[in-house]
Amino acid sequence: MGPVWGIPVATQVHEVSAGADKALCRLDDIPDGCAIAADIDSATGGFSLILARRGDSVLAYHNECPHAGRRLDWSPGKFLIKDGNVICAAHGATFELATGAALAGPCRSGLVALPVHLRDGVVYLP
Ligand code: FES
């Protein structure tokens with residue numbers, strides 16, 4: 001099976017403040033087996049996440065490749081997903097979505113995970 005490009009989904013933008021869970025998106029915003037980006041505003045300039053869905057679970061990683069610090073998506077919110085792995089658009093490093101581990105390419109270290117949780121079909125950043 002050839003590469004499967006992530007389905008274009010609007011990037012979610014939310015403001016993060018201390019002390020309260022922040023909604024990132026609805027579970028249904030992430031096609032099963034795909035990933036979307038969530039750009040988070042913060043007092044220090046913000047950051048981007050990759051939110052990957054498998055069934056009813058969602059994993060979150062910083063949308064930053066450990067190789068050269070580039071975003072993993074080839075266009076905002078559009079990721080190259082193949083066989084449960086995400087491939088960095090810059091130089092092709094491959095990471096296992098289930099663990100964030102580096103599998104191939106110029107990276108030795110994996111993606112940095114962030115905890116997220118689901119409540120009533122909504123994905124939250126604690
Ligand atoms: S920045 Fe991702 S492989 Fe180089």
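A polar contact is a pair of N or O atoms within 3.5 Å; within protein, one must be able to donate a hydrogen and the other to accept it, and residues adjacent in sequence count only if both atoms are side-chain atoms. The model looked at here is predicted, so local features need pLDDT of at least 70 and side-chain atom pairs count only at pLDDT 80 or more, while totals for chains, interfaces and linings use all residues. Residues are numbered from 1 along each chain as its sequence is written, and side-chain values use heavy atoms, with hydrogens and water left out.

Arg53 sits in strand β5, residues 47–54 (strands, E, at least two residues, are DSSP runs numbered from the N terminus). A polar atom of the Arg53 side chain lies 3.3 Å from the backbone oxygen of Leu27, and the side chain also gets to the backbone oxygen of Gly55, at 2.6 Å. Beyond its neighbours within four places in sequence, Arg53 is in contact (heavy atoms within 4.5 Å) with residues including Asp28, Cys34 and Val58.

Now for the cores, each a set of buried Ala, Val, Leu, Ile, Met, Phe, Trp, Tyr and Cys residues joined through side-chain atoms within 4.5 Å. Buried means under 20% relative accessible area, exposed over 50%, partly exposed in between (1.4 Å probe, protein chains only). The largest nonpolar core has 16 residues, and Ile50, Cys65, Leu72, Phe79, Val86 and Phe95 touch the most other members. Strands β4 (35–41) and β5 are the elements giving two or more residues to this core. Apart from it lies another core of 14 residues, Leu27 and Ala60 among them.

Terms used. Helices (H or I, at least four residues) and strands (E, at least two) are DSSP runs, numbered from the N terminus.
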